[in-house]
Amino acid sequence: YLDAIVAGGPSINLIFRVNGKSNETERIAVRLKESFQPVFETFAQRRNVSSVSQCKFVFDGETLRPSTTPEHLDLEGDEIIDVMVTEAARPAPAAQGTAIQSTARSAVAAVSAAIQSTARAEATAVSASTTTTTSPPVMITIETNRNQNKNPRQKKWKLHDTSLVTKLKTDYTKYYKSKGCKRVKFYIRNQLITNESQSLRELGIRNGDMVYAIENGRAYKPM
């Protein structure tokens, strides 16, 4: 038993949100070094879904593969995994029949339309070069490359574009403290960010951008 725990590593809890509905979630424990396959199967059983293939698991906009592990994604616990369950896989009581199925289809369509509308609005706001500091905050996802490593997957952060660089610095240092990070400087487009009281928007950092994090006085090599 102890060997199994060591092999799988410590466990964390993840929140699985069904079709974008905050009131339809499943909290499931998973070990950091184990693949998502058994967790996907547990979710399907809890939701009375006949097959895992009828579910699409998404994190940070990317579809999760059953062979991926939480450790590979740098998950710490309580992250939200969105699950799109096909209409055919969602059972309805027989007594309710067609009326419930019709209502369910309408609800799923409404959620899908709302998600697509929100995504288009955020993409437009982020890409517009004329955005001013008076515009409402927009949630964006950026990546940090730690010490110019070659890993194809980098740590992702979700922040408002009005967040200050000091916010990113605090979160980054806290996250990598156990891995030896004592201080860090950020570079964007080969330029050192010297004024950390500026916002991401003011620095022109947009959704999907890569920020290079250079720790503990290391030298930055222009890309």
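Thr-144 stands opposite Val-211 in strand S10. Strands S6 and S10 pair in the parallel sense over 4 bridges. Pairing here requires at least two bridges found by DSSP between two strands. This is a predicted model, in which local features need pLDDT of at least 70, side-chain atom pairs count only at pLDDT 80 or more, and totals for chains, interfaces and linings use all residues. Residues are numbered from 1 along each chain as its sequence is written, and side-chain values use heavy atoms, leaving out hydrogens and water.

S6 also meets S7. These two run antiparallel, joined by 6 bridges. Thr-141 stands opposite Lys-158 in S7. Strands are DSSP runs (E, at least two residues), helices are runs of H or I (at least four), and both are numbered from the N terminus.

Now the whole sheet. It is open, with 5 strands in the order S7-S6-S10-S8-S9 and mixed pairing. S7 (155–160) and S9 (191–192) stand at the edges with a single partner strand each, so one side of each has no neighbour in the sheet. Helix H4 (residues 165–176) packs on this sheet, touching S6 (139–146), S7, S8 and S10 (210–215). Contact means heavy atoms within 4.5 Å. S8 (residues 184–188) runs antiparallel to S9, with 2 bridges between them. There, Ile-188 stands opposite Gln-191.

Turn to helix H2 (residues 37–46). Its buried residues (under 20% relative accessible area, 1.4 Å probe, protein chains only) are Val-39, Phe-40, Phe-43 and Ala-44. They lie on the same side of H2, because they cover an arc of only 140° around the axis. That arc is taken from the directions from the helix axis to the C-beta atoms. Their cover includes strands S1 (11–18), S2 (21–31), S3 (55–59) and S5 (80–85). Just after H2, Asn-48 takes a positive phi of about 60°.

Note on methods: Axes are lines fitted to C-alpha atoms, for helices over the stretch in contact, and angles run from 0 to 180 degrees between N-to-C directions. Buried means under 20% relative accessible area, exposed over 50%, partly exposed in between (1.4 Å probe, protein chains only).
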